[in-house]
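Here's a quick briefing to read with the structure open beside you.

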Amino acid sequence: MRLDIEALIQAETLELLEWNRLCQHLSTFAATKLGAIASRQLQIPDFQAVSTQLLEQTKEVYQLESRLSPSLSFEGIQDIGDSLERAELQGILAGDELLAIATTLFGSRNLRRIIDNQEDVPILTELVADLRTYPELEQEIHRCIDERGQVTDRASQKLGEIRTELRRLRSQITQKLQNILQAKSGAVQEQLITQRGDRYVIPVKATHKDAIPGIVHDTSTSGATLYVEPNSIVPVGNQLRQAIRREQTEEEVIRRTLTEQVAAVKPDLERLLAIVTTLDLATARARYSFWLGANPPRFINWEKQESITLRQLRHPLLVWQHQHEQSSPVIPVDLLINPIIRVVTITGPNTGGKTVTLKTLGLAALMAKVGLFVPAREPVEIPWFDQVLADIGDEQSLQQSLSTFSGHIRRISRILDALGTEEIGGDEEAISPSSLVLLDEVGAGTDPVEGSALAIALLQHLANHSRLTVATTHFGELKALKYEDERFENASVEFDESTLSPTYRLLWGIPGRSNALTIARRLGLKLEVVEQAKTHIGGATDEVNQVIAGLEAQRRSQETKAAQAQKLLQQAERLYKEVSAKAANLEERERGLKASQEAAVQQAIAQAKGEIAQVIRRLQQGTPTAQDAQQATNALNQIAQKFQPATPAKPKAGFMPKVGDRIRLSQFGQTAEVLVAPDEDGDLTVRFGIMKMTVKLEDVESLDGQKAEPIVKSKPAPAVTPAAPPALTIRTSKNTVDLRGKRVADAELLLDKAISEALGPIWIIHGHGTGKLRQGVHTYLQQHPRVSKYEAAEQVDGGSGVTVAYVE
């Protein structure tokens with residue numbers, strides 16, 4: 001009985017969440033008929049290990065398709081299940097059925113070859129390891145069956161001989177009929193040889209039927225033409241018919257032999273079909289996930305107190321509708337739920353997106369269970385729910401005389417029965433400790449006071465019997481549960497009072513407030529009626545609404561500041577890139593100038609040596625006199641003056657930067673403003689663009705080129721000198737290493753290169769996955785002499801999927 005109830009409520013939940021529509025969308029990405037059928041009849045696993053296996057398959061196909069060109073091909077693979085069943089029952093397969101088996105064997109072998117050639121797809125490699133494709137059976141079928149599904153002449157010697165005799169008989173009949181047509185041209189309607197059944201006939205005028213004696217096999221509609229088989233070819237026609245019978249018998253023998261060979265390996269071929277269908281289904285999941293822009297989920301561990309993280313979560317059916325039906329863009333929601341939270345109540349106006357939020361969360365949980373990626377921003381962290389149970393929509397039924405309230409209560413009763421009666425956290429383990437319950441308009445459809453009381457009792461019960469419950473409501477009393485029980489949380493859909501329309505954004509920690517009176521006043525309802533309504537509500541409710549309005553305003557202010565901070569960070573990163581590029585260009589120019597100067601010096605030295613050698617040779621010619629010696633001395637002095645570089649003028653000294661001065665940073669060639677005067681160590685703080693930095697006194701100069709006067713230190717008393725403040729470190733593409741999809745050995749090579757080039761911290765993206773890559777990265781960092789420490793990145797930078805290594 002309990003199993004029947006669970007099956008019923010789970011089937012109702014899938015229907016309410018429109019799961020069949022999602023499966024239909026998934027089937028459009030399947031490459032084979034079997035894959036499409038499996039997609040439309042997608043089975044939801046009962047164990048987390050199965051879901052994890054399915055996700056690993058999807059990840060490997062996703063990675064495989066991203067680097068394969070063209071992608072995985074399922075060409076030739078067909079649904080041969082019925083043919084295999086008939087072969088086992090000793091039926092005789094038709095030629096096209098045998099041909100389909102051969103092409104399926106070829107397509108499966110091609111798939112296995114592609115996967116076997118890849119190194120980092122262990123799940124897929126294991127999947128196709130047991131694939132037996134029987135190339136000898138495929139070759140035999142192709143030898144006996146042609147591309148049209150007909151038995152070939154080479155299938156057997158006897159068939160070849162029969163086919164030769166058939167051609168001879170047909171040629172003999174055709175020749176005789178041609179002679180008759182020429183001899184009796186006046187008796188025939190036209191010069192035509194045709195067939196009726198397996199007999200050759202010619203069209204004879206009804207008025208001349210005695211001119212060509214024979215057997216009439218057919219008559220035209222008008223009766224003016226008789227299709228006659230002349231008596232002279234009847235014996236040959238009988239021989240032809242007997243030959244055709246022998247041909248059919250021999251073809252049947254050949255097809256029976258091939259069918260017996262297929263039946264002998266039926267278990268392996270059924271296994272082949274199952275493997276290929278599994279692979280096609282994994283490919284469909286990967287392609288659908290890519291189309292959605294989805295990311296792989298990680299199943300969190302409740303015992304480790306991990307939170308649900310679903311940022312920018314989108315409803316997959318609405319994404320499809322937007323893409324294919326040009327509907328409005330999908331507005332994502334953020335679902336960040338702490339492990340202590342058991343019940344979330346969502347309030348807000350109608351058509352504000354509350355029900356869509358419920359369905360989006362339910363579909364995300366089911367998508368993760370069946371191995372699909374979730375359309376949310378990384379990281380995607382969600383529990384594995386053993387049951388997803390929902391009461392969404394109006395269950396009113398005139399046929400069963402059920403009101404809306406009665407319909408909801410019937411379904412909620414089935415949900416409670418499916419959950420069991422054990423309490424979570426009690427002495428005994430709950431029957432359904434990891435269930436997700438989704439309730440829409442809980443307690444609606446009856447008296448508000450009683451409905452509110454019933455809703456409170458129901459949510460408190462679910463807090464003890466399900467892992468997570470998300471409920472939408474209009475009852476204000478449910479908002480107070482958060483302040484009475486830490487397991488409850490409030491959320492609301494935002495409403496824009498200026499446009500009188502919802503924004504479809506989900507606000508956490510803030511309960512929704514009533515907007516009915518505001519909407520009524522804006523829509524022109526008399527002011528005195530609205531004011532009278534306010535008096536019936538009471539001052540306390542008005543004060544609560546004012547508090548909620550203040551919280552909403554504060555939230556909007558914080559979001560604006562966060563957006564501004566993000567914009568400022570982007571500007572800083574852009575400026576950092578520009579400064580780095582300018583510094584690199586300056587270094588390149590400096591290297592070029594040094595190289596040209598060295599070349600010029602070498603050329604001058606060579607020229608000077610040549611001129612000195614000429615002076616020496618002149619002195620060596622004959623007996624040198626005092627006059628010759630003087631001339632040689634003068635010549636050498638001229639050479640020295642010509643090639644000896646001038647002594648550079650000493651830079652002016654005495655410049656000392658003060659707060660507010662504009663100076664030039666010699667390293668970058670840019671000006672900056674002095675914020676803090678130089679200390680006794682020669683360090684000063686300057687503003688460079690929007691960035692502050694600490695520089696050395698010897699690295700700055702005045703705008704007219706004066707170097708700063710060095711600071712003479714007095715002998716300090718023995719004391720600890722405070723360390724200089726660390727330079728501002730910003731994460732950029734240059735100090736970020738992406739190792740996702742790499743093996744540990746390859747990752748170590750990339751890490752070694754990144755650390756050797758690093759001038760500060762580096763961010764290492766390894767993702768979550770199985771955790772092997774992260775463990776390998778941490779082991780390598782522990783052993784590296786330049787890494788002082790490492791830690792997980794902030795949540796905004798990827799959390800536990802990213803490691804920050806501090807390089808000395």
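## What lines the cavity

By class, the lining of the largest cavity has eight nonpolar, two polar and three charged residues. Keep in mind that you're looking at a predicted model.

**The cavities**

- If you search the whole structure, you'll find two cavities of 30 Å³ or more.
- The largest cavity holds about 80 Å³ of space.

**Who lines the largest cavity**

- There are 13 residues in the lining of the largest cavity.
- Nearest the centre of the largest cavity you'll spot Ile409, Ile412, Val442, Gly443 and Ala444.
- Two helices, helix 14 (404–419) and helix 15 (448–465), each give at least two residues to this lining.
- Helix 14 supplies the largest share of the lining, with four residues.

**A look at Gly660**

- To find Gly660, go to the loop between helix 19 (626–643) and strand 15 (662–665).
- Is Gly660 buried, partly exposed or exposed? Its relative accessibility is 42%, so Gly660 counts as partly exposed; that class sits between the cut-offs of 20% and 50%.
- Leaving out residues up to four places away in sequence, Gly660 touches Glu673 and Val674.
- Now compare sequence with space: Gly660 and Val686 are 26 residues apart along the sequence, and their C-alpha atoms are 9.3 Å apart.

Methods:
Residues are numbered from 1 along each chain as its sequence is written. This is a predicted model: local features need pLDDT of at least 70, side-chain atom pairs count only at pLDDT 80 or more; totals for chains, interfaces and linings use all residues. Side-chain values use heavy atoms; hydrogens and water are left out. On a 1 Å grid over the protein atoms alone, a cavity is a set of points where a 1.4 Å probe fits but cannot get out, and a pocket is an open set with protein on both sides within 12 Å along at least five of seven lines; lining residues have an atom within 4 Å of a point. Grid points are joined across faces, edges and corners, and a volume is the space filled by probe spheres set on the points. Ala, Val, Leu, Ile, Met, Phe, Trp, Tyr, Cys and Pro count as nonpolar, Asp, Glu, Lys and Arg as charged, and the others, Gly among them, as polar. Buried means under 20% relative accessible area, exposed over 50%, partly exposed in between (1.4 Å probe, protein chains only). Contact means heavy atoms within 4.5 Å.
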